[in-house]
Amino acid sequence: MQTMTQQMVDQIFSFSELGFQEFETSRYVTGILEKQNFQIERSVAGIPTAWLATYGSGKPVIAFITDSDCIPRSSQKPGVADHAPLVEGAPGLGEGHNSGMAVNVVAALTLQKLMTEHHISGTIKIFPGIAEELLGTKAHYIRAGLFIDVDLALGAHDGRYSGSDMKSAFEAGRTLKPEEVPTEILEDLIEDIKREQAFRKAKRKPAKAKTL
Ligand SMILES: [Zn+2]
């Protein structure tokens, strides 16, 4: 299982496909799941590279979901913490979606094994987060009714920013004068943090009491 996980991490890394172009990634992952007796539905929710893998039957229905696309300008040599693109300016898996997918598949296969060994009924579903960096197709899956019978959804995500972005932001903050900080590096990070803070604040707001 350890070898298989590492191979999956590396294989998906080697594809590094941008949103809506995850053809090789989808083919590879569904191939693995098909061999493990998962039923594959392709192009779900009208999205060509999307798929849904299902195993088992009945309740509970447990879904695993993780992103599958890469990020523009995030090309990086594997296993190197410093900013070191394989191809300068090329897309890459700087946010670790390759390992997220491997973790998801291994978790689902482990659950499948436990269910079989202990004669536990239930359904396992696996969804790929297609084009997560562009628009996030999970909302489209919901609209297409793909989550209607799902009791529990587990997501794996192991990166917030690309290693190279964080490194550049850190270096910029540490070594440059404020006016020299390359704003394009920091703007994205700041915007993202602001969005998340606003989202959390909105969620924390207590519901207004109903007036009759
Ligand atoms: Zn991500």
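Modeller: Quick ground rule before you ask: two strands pair if DSSP finds at least two bridges between them. Helices (H or I, at least four residues) and strands (E, at least two) are DSSP runs numbered from the N terminus. This is a predicted model, where local features need pLDDT of at least 70, side-chain atom pairs count only at pLDDT 80 or more, and totals for chains, interfaces and linings use all residues. Residues are numbered from 1 along each chain as its sequence is written.

Biologist: Over how many bridges do β2 and β4 pair?

Modeller: β4 covers residues 122–129. In that strand, Lys-125 is the bridge partner of Thr-54. β2 and β4 run in the antiparallel sense, and the count is 5 bridges.

Biologist: Which residue stands opposite Thr-54 of β2 on the β1 side?

Modeller: β1 (residues 39–42) also pairs with β2 in the antiparallel sense, over 4 bridges. Opposite Thr-54 you'll find Gln-39.

Biologist: How many of the 7 residues of β2 are buried?

Modeller: Buried means 20 or more other C-beta atoms, placed from the backbone, within 10 Å of the residue's own. β2 spans residues 51–57 and is mostly covered, with the buried count at 5.

Biologist: Are α1 and α2 roughly parallel or roughly antiparallel?

Modeller: The axes of α1 (residues 2–15) and α2 (residues 23–35) come within 9 Å and cross at roughly 155 degrees. Those axes are lines fitted to C-alpha atoms over the stretch in contact, with angles from 0 to 180 degrees between N-to-C directions. Anything over 145 counts as roughly antiparallel. So the two helices, α1 and α2, are roughly antiparallel.

Conventions
Parallel < 35°, antiparallel > 145°, perpendicular 65-115°, else oblique. Buried ≥ 20, exposed ≤ 12 C-beta atoms within 10 Å, placed from the backbone.
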